[in-house]
Structures are given as structure tokens and as C-alpha cells.
Amino acid sequence: MRTGIVSALVVALAATVTIPVQAHTSLFYAGANGKLNGKFVCLVESDYGNAPVKDLESTDLRCRSKKSPLPTDSVKKCPVPAGETLTVQWQHIHNSVTIPVMSASHVGPCTFYMAPLESAGDGPVWIKIYEKGWDKDKKKWCNNEIIDNDGKFDVTIPKNIPDGDYLIRTEMIALHQANKVGGAQLYPNCVVITVTGGTGSTFPSGSEIPGIYQPKDPGILYDRGDDPTTYKIPGPNVFEANGSSSNTTSSTSAKSIQAQQIELSTLDMATSGINIDEIYIYKNSAADPQFMPLHRIASGFCKVVAEHYPMLVGRPLVNDEGKGVINVDPTNLCLPDIADINVEHPAEDYMESSSDGKVAFFNLHKFYKHSGVDELPHATYTKDHSAAIVRIIRFRNSDYAALYISFSHMLFDAIGATAFFNNWAECTRNLDNPSYQLQTPPVNDRKVVSDYFASVEPTEPPHIQHFRDQSAVPIMKAPGSIAPLLLSIPERPLFKEQHLIHFSKEKFEQIRQDVDPEQTTNLALAALLTKVLLQADIQAFNSMPQWSYVMIPYECRQRTKIPPAYSGNLSFTAIAFMDSQRVLNSSYKEVAQAIKEHCSKVSSEYAKNTIDVIENEAGVFFQASLSMCNSADTSYVGLTNLRHMSLYTIDFGYGGPAILSCNYFLREGMMRIYNNQQDGGIDLFLNLKNDMFKHVQSSKELLKYAQVIF
């Protein structure tokens, strides 16, 4: 069994915005005098994709082809009159000009060579017709000029050569790792052209390739930290092309993303170290051979980030005023990482079915154990990683493809994240319309939260004093600014003992009818789970915990004047704390009423108090975090309700997802509720230790309503 990332793409570019990215490059287009032909027309086929050549003694250095002789017989010849310009265009992957050329960090020179086609590049036949390194006036390397010009570059064909067919060898040399022998990355490609109108009678002798570069040549072994004005371009001298015009590139460049600082709210920073990692399974019902193509998904992502969500390429820091911000610096972006993963087994190998066979589920444990993918990458700010990670997982002989996305919770809450997913899909569907605008653009200004709560008088909810009382040590007071403390919270490890329980639509409603028809289905489910988890806790730890906690996030966009399209975190935690012995002795109806008593009173006044406590009594915040777990002392149900999120509408132009899933997520005791459109029921993902879950899955009360999937 084999799997791997086969098209490693780290991208951040929209149709009108340039953002440097981590990526290799290859030539895709060629033509004359600014007019390009179709993709790969007149190009010698490369065997490297967009990967570089590093072996300076290999014949692959000629055209990035491993074939000998070069496969030129079937290549169309582009006509380029002598003295006129050959136009070429590099890209990372093919998608017009919306995919970046390569990372701006890949600084270095560009060179162009020429050889008679009949030579197939063999022997001392290569003359250098153009070179450019560091431009002192523009203060740019040639590679960066090409990147800024959407990968396009013009070079003049010498006038004083004979008419005939030629190979033009284009080359970008990346020096970002060239401070050690073998570190330079060379990106050669060859174009086949027919020259007419030349004034020369014979083609001059030239150099052999390989042979033009040596591992320790000053222009090959180079520290990019050195003064670029002293850089010497490697290889032979440029051929004197009498009568040729100067070589220039177009001055047209894309608009750059703007430097900015996006202030983080206290609620944003309180989620520091937590991630949102979602997996959506799409079905190719139309048997489309271009189903969910990487270049369109990536282009849509880049467009929506650059035009509407610049915080996704920024970095969190504490500014000079002591405030937490996302700093968007075009010269130091936290780059997204987008790639394909090919798995050599069908998706069905990692699926589970309901007992009636009508509902399918994706089993993440099976996927990690048998696919060859040990773990999907996890976005993080604190390592040399990306702020957002996207993977499209393609399964062999399967109608399914999976979309995986990981990014910091600090950027969005569940509603903000769902809006981002749908906006990303909307941009992708409309890529072919450059003037298209989002129907509902996000509101990114975090000040709308602080401005709203500035006029709200805080009221303390009961659980705040409860956690003060539970602290074994004096409650820590926050410093003058909470930002340095919250932003220093380390990335937290994911909890990998994940389980899935499914409730059909009918059984889910039956819970409410059996517990209390006057309550909501969410409260009825919370009551059921509270008693089931407490009983499992007693069995697992052989003792009665003192407290039972139920945490239900409260979202206040609909209950305040804060815009519904606000993109940041606006969820507050409503916590019910109950004596465990009382829970055990109470009916489900009484437990539901107790949870409602604690959690339904959450208001703007309570929310304001939560903000004040985080900012001024950080110890209470951390005590609550420590207390909510399943142990000998506490029983815990943490419900995140995603039932009413618009997740099935995330349509990139190929239909919405067929199955919702998620990667491992944070904390023992946390649970996520998803709607299941296959039967109208719900899926409950639970983070519980296996030793405890064995007691949960044997609960007769739970099994009256639910089916354990894994």
C-alpha cells in the first residue's frame, strides 16, 4: 500500500492579488511577441513536473527531460522571426494566471540558451542569449520580476543567426538553499521554435550542457544573505546579438496584498492553541473526470483569502500597544499549504454503514491505520508550518474525494468558519468571472465586538463563582494586558480516542419526547448524555465524582447588534454545574431542567462578564478549563452543536458534501454534533478514553436511541 502527497502545492494567490508562496515552477506556455499558444504547445515534455534539477552533471539539465535523444519529433514549432521576441510563461500548476509561479523566497537569476534543433542539445551547441540576476534599479532578482509579472517574460531572438529550427532553453535558478553544495535549484525547460529573417550564415559554436555549471561556481554556491549587487551569474558569456533589441519584461504586475494589522478580540485570543480541523467527503455522482480539481479549489481559496480574509496569511503578535493582532506583512506571510493526496484504495475501505445499510460514515481510525497516511497535517503558528492547510484526498477506483481543512480557531468560531467555507466555495464556482463579488462579504473588524460590549453592564453567571471556589490556589489576576498571556498558550495536542454515535431522525425526536416534550432536542440530548457519562465515569473510576459539568456554547450574533457576517469568535460558554449524586438520583426531565436553568440565562450581560473575567481574572478561565474533564472528581459533557450550520452547501461547483466528518479535535469530553442529510438524523463525535467509552457504548439507555458506529 502506498500513498503520498503527489502535488505539493503551497499557494496564496487570488486572481488580482499576488502573495508569495512555497512552490516550485515549470514552463507552461510559449509564443511570439506577447501572444501565447495553448498549454505545452511548442514545449519539450518535462519528466520532472515542477520539481527542480540539482545534478549539474546530468543531461536532464538541458530541458528537464530524462529521455535521450530529446523527444522533439512530435513537438510543434512556434514561429518567431529573428530580432523579435519569444514570450514564455511559467506557472506552479496550470490554471491560467491564478496560480502563483513559485515562492518569492526562491530568489535568483534567469537565463536563456539556444541550440540548433537538429543537435538535440548534444555537444558544444548551446549559446547563452540572455541573462539577468539582481536589478539594481528595481532592487529585484529576475525570478521575482517573473513572479510579479504572472510568470511571463520576453526575450529577444538574435538577429545574426541562420534561419532554421532551434531549441530555446529557459531557466530559473533558485538560490534560497544555495549556501551549501548541491543546494541550488535549477528549473530548465525547452521551447522549439522556427526562426525566419535571420542575417547569419552559420550558427556559432557554444557550450556543452551539462558542463556550463560547477558545484562551487560563485553563482551556484551562494548565500542569499550576501550583497546581491556582487552576485555573478554562472555559465558562459551572453552571445552578442547584433541588431537585437533590448530584453524587457512587461511592467504590468498584479496588485499586492496590503500590509495591515487586524486586532484580535479577547474571545479570539481565548481560543489560542486550538484548531478547527474539518473533513468533508464529496461524491462524484456525475462521473466527472475533472472532479474537485486542485487548481480550482486552490485558486478559489487564494482569491477569497486575498480579497476577504487576509488574516489567514497573517501572524499573531502583541503590538507596541500591548494588543493582540494578526499582523499581515506581505514580506513575511504565514503561507497556506494546499496539496493533493493520492490513496491507493477506495474510500469505501474506510467507511462504516448504519445497521440498515442506508447511511455511510467515514472512519478516521481506519483511514489512518490502513491508508498509509499516518496523520493529516495540523496547522500551527508556532512551528515552521502554515496558517491554513488544505488537502484533497483522492481514492483509487472510488466515486469519493475528501476535502480536509485545518486552521486556527483564533480566526473564526464555528459560524465564522462555516461562512468562510461557503465563501471559498462561492469564489471557486465563479472563478471564470473576474468581476464576481461575494453575495455576503465577511465583516472582519474585531472592534465591532468591543464597541458593542462597551455599553453593556456585566452580570456574573453562577459558574464563575463556582470555579473561584474550586481553585486550590489563589486565583491568578491577569496582567495589565491579557494578550501576551493568551497568545503564549502552547499548541495543544489533539485527543485521538474519537468515537461516533448516530441517531436517526426518529430516534432523536424520541429522546425529546421521552425526556421532556417541552424541552428542545438539544437539552434532551444533553440530559441523556449527562446521566450516561456520569454512570460510565463511576464504572471507569470506581468512585462517585463530586461534580457533573455540561458546557454548551452560546452564540450571540442573533441576540445582539453585532453583524451576522462578523467573521471572528463570538461564542460564549454556558456551563451547568450540578452535584453528581443529585444527577444520579434525578430523572432525565429534572436534569434537563437543571441544565436549562444554568444555560438558558446566558445573555449579553453574562457574556460581558465572561470577557471581563478572561481579561482580569485569568485564573478563573484556566480553572474552568482544568475542571471540565472526565475523572474521579468530575464528569463532563462538552457539546458543540453544528447541526444548523450550512455545511452541506459548501459546493465548489461539483455538489455539496455527501458525508461530514472531522479530524481529531481538542480535549477529552468534548463532543461535536453534525446533521446527517442521508437520513435527517445526527452524528455525535465524542472524545472519550477507550476505557470509558466501553461503558458508554454498553449503556442500555443510550442504545435505546443510538447506534454506535465506532
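Q: At what angle do helix H14 and helix H15 pack, and how far apart are their axes?
A: Two packed helices are described by the angle between their axes and the distance between the axes. Here helix H14 (residues 604-616) and helix H15 (residues 618-627) pack at about 105 degrees, and their axes are 5 Å apart. That makes H14 roughly perpendicular to H15; angles of 65 to 115 degrees get this name, those under 35 count as roughly parallel, those over 145 as roughly antiparallel, and the rest as oblique. Axes are lines fitted to C-alpha atoms, for helices over the stretch in contact, and angles run from 0 to 180 degrees between N-to-C directions. Helices (H or I, at least four residues) and strands (E, at least two) are DSSP runs, numbered from the N terminus.

Q: What kind of model is this, and how are its residues numbered?
A: This is a predicted model, in which local features need pLDDT of at least 70 and side-chain atom pairs count only at pLDDT 80 or more, while totals for chains, interfaces and linings use all residues. Residues are numbered from 1 along each chain as its sequence is written, and side-chain values use heavy atoms, with hydrogens and water left out.

Q: Which residues make the contact of H14 with H15?
A: H14 contributes Val613, Ile614 and Asn616, and H15 contributes Ala618, Val620 and Phe621; contact means heavy atoms within 4.5 Å. These residues divide into five nonpolar, one polar and no charged. Nonpolar covers Ala, Val, Leu, Ile, Met, Phe, Trp, Tyr, Cys and Pro, charged covers Asp, Glu, Lys and Arg, and the others, Gly among them, count as polar.

Q: Which residues of H15 are buried, and what do they pack against?
A: Buried means under 20% relative accessible area, exposed over 50%, and partly exposed in between (1.4 Å probe, protein chains only). The buried residues of H15 are Ala618, Gly619, Val620, Gln623, Ala624 and Ser627. They pack against helix H8 (462-470), helix H9 (483-487), strand S25 (547-555), H14 and strand S27 (634-641).

Q: How many residues does the largest nonpolar core have?
A: A nonpolar core is a set of buried Ala, Val, Leu, Ile, Met, Phe, Trp, Tyr and Cys residues joined through side-chain atoms within 4.5 Å. The largest one has 79 residues, and Phe301, Leu312, Phe407, Phe420, Phe421, Trp424 and Phe652 are those with the most contacts inside it. Leaving aside residues up to four places away in sequence, Leu312 touches Val305, Cys334, Ala387, Ala388, Phe407, Leu411, Phe412 and Phe420. A second, separate core has 40 residues, including Met578, Val637, Met671 and Met692.

Q: In what order do the strands of the seven-strand sheet lie?
A: Two strands pair if DSSP finds at least two bridges between them. This open sheet has the order S26-S25-S27-S29-S30-S24-S31, with mixed pairing. Strand S26 (571-579) and strand S31 (706-708) are the edge strands, each pairing on one side only. Neighbouring strands are turned by 25 degrees against each other on average, direction ignored. Strand S24 (residues 498-503) runs antiparallel to S31, joined to it by three bridges, and His502 has Gln707 of S31 as its bridge partner.

Q: Which residues lie on each side of strand S28?
A: In a regular strand the side chains alternate between the two faces of the sheet. Strand S28 (residues 659-662) has Ile659 and Ser661 on one side and Leu660 and Cys662 on the other; all are buried, and both faces are covered. Four bridges join S28 to strand S16 (residues 275-283), and the two run antiparallel. Cys662 in S28 stands opposite Glu278.

Q: Are Arg64 and Asn397 buried or exposed?
A: Arg64 has 0% relative accessibility, so Arg64 counts as buried. Asn397 has 71%, so Asn397 counts as exposed. Each is a residue other than glycine with a positive phi: near 60 degrees for Arg64 and near 50 degrees for Asn397. Arg64 lies in the loop between H1 and S5, and Asn397 in the loop between strand S22 (388-395) and strand S23 (400-408).

Q: Where does Pro69 lie, and what kind of peptide bond joins Ser68 and Pro69?
A: Pro69 lies in the loop between helix H1 (60-63) and strand S5 (78-79). The bond from Ser68 to Pro69 is cis, with omega about 0 degrees. Another cis peptide bond joins Ile209 and Pro210, with omega about 5 degrees.

Q: How many helices and strands are in the chain?
A: The chain has 17 helices and 31 strands. Buried residues make up 57% of its 710 residues.
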